Amino acid sequence: MGIAEGVTLLSPTLGAERARRIIQEADPFVTGQHLAYPSDCDGPQVHLEAYFATETIVGFPEFVSWLIEDVAAWMTEKEFRPHVIFAPGTDPVRRFVEQLSRAVDARPVYLETKPSGRFGDTIEGSLPAGASVLAFNLTSVTGGRCIGFRLPDAVSQRGGHVIGTAAVALGISTLNEELRRRFPRNLYIAFHVAVTNHNPDACPANAPRLRPWQEASAEIMARLRR
Ligand SMILES: [Zn+2]
């Protein structure tokens, strides 16, 4: 269900009214962007053509409680009882995951995430071999690389067992299909958002100057404070 320009509600249980309030009041979506993601060149990079700052939503305790309620309801319906929620270790994600973990009686474990947005190799917290794990991120701006592949792969490499994956917002890319194939019945997405991307060698001729993605995030956070 389309609830705002570029934002589709995917979760059947969140409710259109709550979804509209989250998007209207947190106002997390911007178009017309040309953003380097991750912002360093230490590996593969894409250029985002829009941005969805789920980090702004985390500033609204009521919205966080609605989303946690919704993720928890999905887990109950699927009979998922993970030992661990495995997520990137950024501040906004931690704020959400600490609460989610308490709500579903799981432990948070974080993957090192550099200021550029790129994942590192170290984890924080205990991930016992054989532990059942829900992978989580606030936003998968590339359309599924983190929640579909990078996070689950990091869990598997350490002997954990991924039972599902979840994000508040999923961008649009060719990875969407692969993500759904890999997690056909165990994928939670609240919002599908019109954040598209292209490879660095395919910049459109009329693209604005390339900026680090953090600038768009900071601008969206700043307009909330006005
Ligand atoms: Zn470009």
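## Ground rules

Two strands count as paired if DSSP finds at least two bridges between them. Helices (H or I, at least four residues) and strands (E, at least two) are DSSP runs, numbered from the N terminus. The model here is predicted, so to speak: local features need pLDDT of at least 70, side-chain atom pairs count only at pLDDT 80 or more, and totals for chains, interfaces and linings use all residues. Residue numbers start from 1 along each chain as its sequence is written.

## The β8–β9 hairpin

Strand β8 (residues 107–113) runs antiparallel to β9, and 3 bridges join them. T113 sits opposite F119 in β9. The two strands make a hairpin with 5 residues between them, and G117 in the turn has a positive phi of about 100°.

As for β9 (residues 119–124), the number buried among its 6 residues is 0, so the strand lies largely in the open. Buried means 20 or more other C-beta atoms within 10 Å of a residue's own, exposed means 12 or fewer, and partly exposed is in between, with C-beta atoms placed from the backbone.

## Around G89

G89 is in the loop between β7 (84–88) and α4 (91–104). G89 is buried, with 20 other C-beta atoms within 10 Å. Leaving out residues up to four places away in sequence, G89 touches R94, Y110, L111, E112, T113 and E124; contact means C-beta atoms, placed from the backbone, within 7 Å.

## The four-strand sheet

Elsewhere, 4 strands form an open sheet with mixed pairing, in the order β13-β5-β4-β14. β13 (197–198) and β14 (211–212) stand at the edges with a single partner strand each, so one side of each has no neighbour in the sheet.

Technical notes. Two residues are in contact if their C-beta atoms, placed from the backbone, lie within 7 Å.
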